[in-house]
Structures are given as structure tokens and as C-alpha cells.
Amino acid sequence: MPVFKTPFNGYSVKFSPFYESRIAVATAQNFGILGNGRIHVLDLPPSPSSPFTEVASFDTADGVYDLTWSESHDSLLIAAIADGSVKIYDLSLPPTANPIRSLQEHTREVQSVDYNPVRRDSFISSSWDDSVKLWTLDRPTSVRTFHEHAYCVYSAVWNPRHADVFASASGDCTLRIWDVREPGSTMVIAAHDLEILSCDWNKYDDCCIATASVDKTVRVWDVRTYRTPLAVLSGHGYAVRKLKFSPHARSFLVSCSYDMTVCAWDYMVEDALIGRYDHHTEFAVGVDMSVLVEGLMASTGWDELVYVWQHGTDPRAV
């Protein structure tokens, strides 16, 4: 598969839920510390030897830390920005008409955004201001703010089966489960002794969730019996930055780390580490798996490169 070189450092990559060859990439200048950002929307080439096609790009005054595709409109993209804003882009409109909305409520950097895959009318954002906010496309202000974490909320993700349930992972070392119909969190799991940087729900078991931490491990939990994890996945040499459960296999997940690798895991087998990809030359900070093409993976990192490859093949192979 081809490789795409971004002008800035990669932060996040997401496959479109509508087009099997389309990805969006979030980038930030100067490793996201200070400077501009850019969103790239790319189409994979029909043959591996051809280059990516850049469908659109959007420049931002501050770094872009994450993005999520709308589950209801194939042209809508929502971005988490370092200035505390959440911006909505419409690919069907010219660049000068974008963003179509800028939602400015968070008081610190926005680290993650996730679109509701069940109800398809709302999304959540998480921020370094220790909060998670719930939004709908038709409202200029947030529907609700969830403020229980004691430190940065690095990740917030919707449950794939329950429209009102989401999880949040924080630097306060806790994973919290929320139901938007309830006044506060419904569960608090002290999942790691060090900061939790990412979480994701199992797509086949709505009670199963994984967390990734600065402690170099990925842990898999059953929220019904959360005193001890179902599995502790060790293999990364540094903090695990992001993880993603497979949309196609119950026990398969991928993670990326500051050790510059992407690891593939099957948490239900004894030797859980089933693949390690060392194609990045700087921190690997973004990873995703395609909903539409089984085994298709993407990653990006601070080496300013975006890779897309089939699990089991070399990401660098053309």
C-alpha cells in the first residue's frame, strides 16, 4: 500500500464508515505543542503502486488532535482542536465555506471526538479541561457536560450497542462508564496505576471494554466483573497511546505506542501478541481499523507519515 506524507505531525486517522477507500487524518505542527493544524481527507488508490488522492484538506490555526466521521452524513467530519474548539466540516462544500460550525465551550485542548453509532444524531468530545461534552448537529451549544474526572480526559467513546452509554478514560487513572439519562457516572473503574490514554468498546460484547495506559499495558475489562481485568496485554516498551477493537473479530484489537510500534492482539489466547508492526520512526499515536474492509488497518505518527495496510502484510510494502 502507498504511504502519505503529511506536512505536520500525525495525530489521528479514521476510516470513513461510508467509503471503503477513504480516510481522514488529523495533524498538528511542532508535535502539537504550538502552531497550526491540518485535516487531510484521502482516497486509497485502486492499485497499491499508485499514490493517495487528496480529496480535501482544511487548515486550522491550532493543532488537530482527533477527528470522527458522521454516521449519518457521508460528507461530515468533526475535529478536536487544540484551541478548545470542536469544528464541523462538510466535504460537499468548498474549503472557503468550512468549517460549517465551530463549537467553543471547552476551556482547554480537545483530545478526542466520537460520533454516536447507534442514534447517529450526536457526538461527544473530551478535553484537557477534565470534562466530556455531549453535542448534537442541530444545536450551537452542548446538550450536557460531564464533569467528574480529576484530570485530562484523553478519550471518550460510545458503546456500539447502547445509544445512551459511553466510556471515558482519564489521566486520573480511572475509566468511567456513563449513561446520558443518569445524573452522574454509573461506574468508576480504577483501571491502571498510571494515566489512561485511550479506551474502546468491544464491537461484539457490549460489556467488554479495553484501556491503554502510560504503564505500557492494554487491559481488557468486563464491566459486570471489573475488580480484575479479563486480560493484561504486555508487549509495548513505552506508553500505549491509542487502541481500537476490530469491527470484524470479537477478540482482536490493535494498539499504538510511543515505542513507535503498532501491535495486534487476540486477548482470548495465551500468547496474545499476534503481530507487531515497526514501520513508524517516531511516536505512533493514531490507529484505526476499517469497518468496511476486514483486516484493513491505518496508522499515523509524529514521523509525518500515514500508512494503510492489510493485517499480516508489511505496511511498507508497495
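Predicted model: local features only at pLDDT ≥ 70, side-chain atom pairs only at ≥ 80, totals over all residues.
How far is the sulfur of Cys207 from the closest cysteine sulfur, and in which residue does that sulfur lie? The distance is 8.8 Å, to Cys208, which is too far for a bond.

1. Secondary structure and overall dimensions. The protein contains 28 strands and 0 helices. Its radius of gyration is 18 Å, and this agrees with the value near 20 Å that a compact globule of 318 residues would have. Taken along the principal axes, the box filled by the C-alpha atoms is roughly 50 × 45 × 35 Å.

2. Burial, contacts and surface. Of the 318 residues in the protein, 60% are buried. When contacts between residues at least 6 apart in sequence are considered, 46% of them join residues that are at least 24 apart.

3. Charge. The side chains of the protein include 26 positive and 40 negative ones. The centres of these two sets are 3 Å apart.

4. Cysteines. A disulfide is a covalent bond between the sulfur atoms of two cysteines. With a cut-off of 2.5 Å between cysteine sulfur atoms, the count comes to 0 disulfides. Cys152 is in no disulfide, and the nearest cysteine sulfur, which belongs to Cys173, is 12 Å away. Cys152 is also buried, at a relative accessible area of 6%. Cys207, for which the sulfur of Cys208 at 8.8 Å is too far for a bond, likewise counts as buried, with a relative accessibility of 15%.

5. Tyr204 and its surroundings. Tyr204 is placed in the loop that runs between β18 (196–201) and β19 (208–213), and its relative accessible area of 34% makes it partly exposed. With residues up to four places away in sequence not counted, Tyr204 touches Arg161 as well as Ser246, Pro247, His248, Ala249 and Arg250. By contrast, the C-alpha atoms of Tyr204 and Arg241, which are 37 residues apart along the chain, are separated by 23 Å.

6. Phe245. Strand β22 (residues 240–245) holds Phe245, which counts as buried at 1% relative accessibility.

7. Pro17 and its contacts. Pro17 belongs to the loop between β2 (9–15) and β3 (22–28) and, at 22% relative accessibility, counts as partly exposed. Once neighbours within four places in sequence are left aside, the residues in contact with Pro17 are Trp69, Ser70, Glu71 and Leu292. For one of these, Ser70, the C-alpha atom is 8.2 Å from that of Pro17, although the two residues are 53 apart along the chain.

8. Backbone geometry to check. Most residues other than glycine have a negative phi, and most peptide bonds are trans. The peptide bond that joins Asn98 and Pro99 is cis, with omega about -5°, and Pro99 lies in the loop between β8 (85–90) and β9 (101–104). Met260, although not a glycine, has a positive phi of about 75°; Met260 sits in the loop between β23 (252–257) and β24 (262–266), where its relative accessible area of 33% makes it partly exposed. Glu304 is not a glycine either, yet its phi is positive, at about 65°. The loop that contains Glu304 lies between β27 (296–301) and β28 (305–310), and Glu304 is partly exposed, with a relative accessible area of 22%.

9. Thr225. The loop between β20 (217–222) and β21 (231–234) contains Thr225, which counts as partly exposed at 48% relative accessibility; the cut-off for exposed is over 50%. The C-alpha atom of Thr225 is separated by 36 Å from that of Val64, a residue 161 places away along the chain.

How values were computed: Residues numbered from 1 in each chain as written. Heavy atoms only, no water. Helix = DSSP H or I, 4+ residues; strand = E, 2+ residues; numbered from the N terminus. Rg over C-alpha atoms; globule rule 2.2 N^0.38 Å. Buried < 20%, exposed > 50% of the residue type's maximum accessible area, 1.4 Å probe, protein only. Contact = heavy atoms within 4.5 Å. Lys, Arg positive; Asp, Glu negative; His and termini not counted. Charge placed at Lys NZ, Arg CZ, Asp CG, Glu CD.
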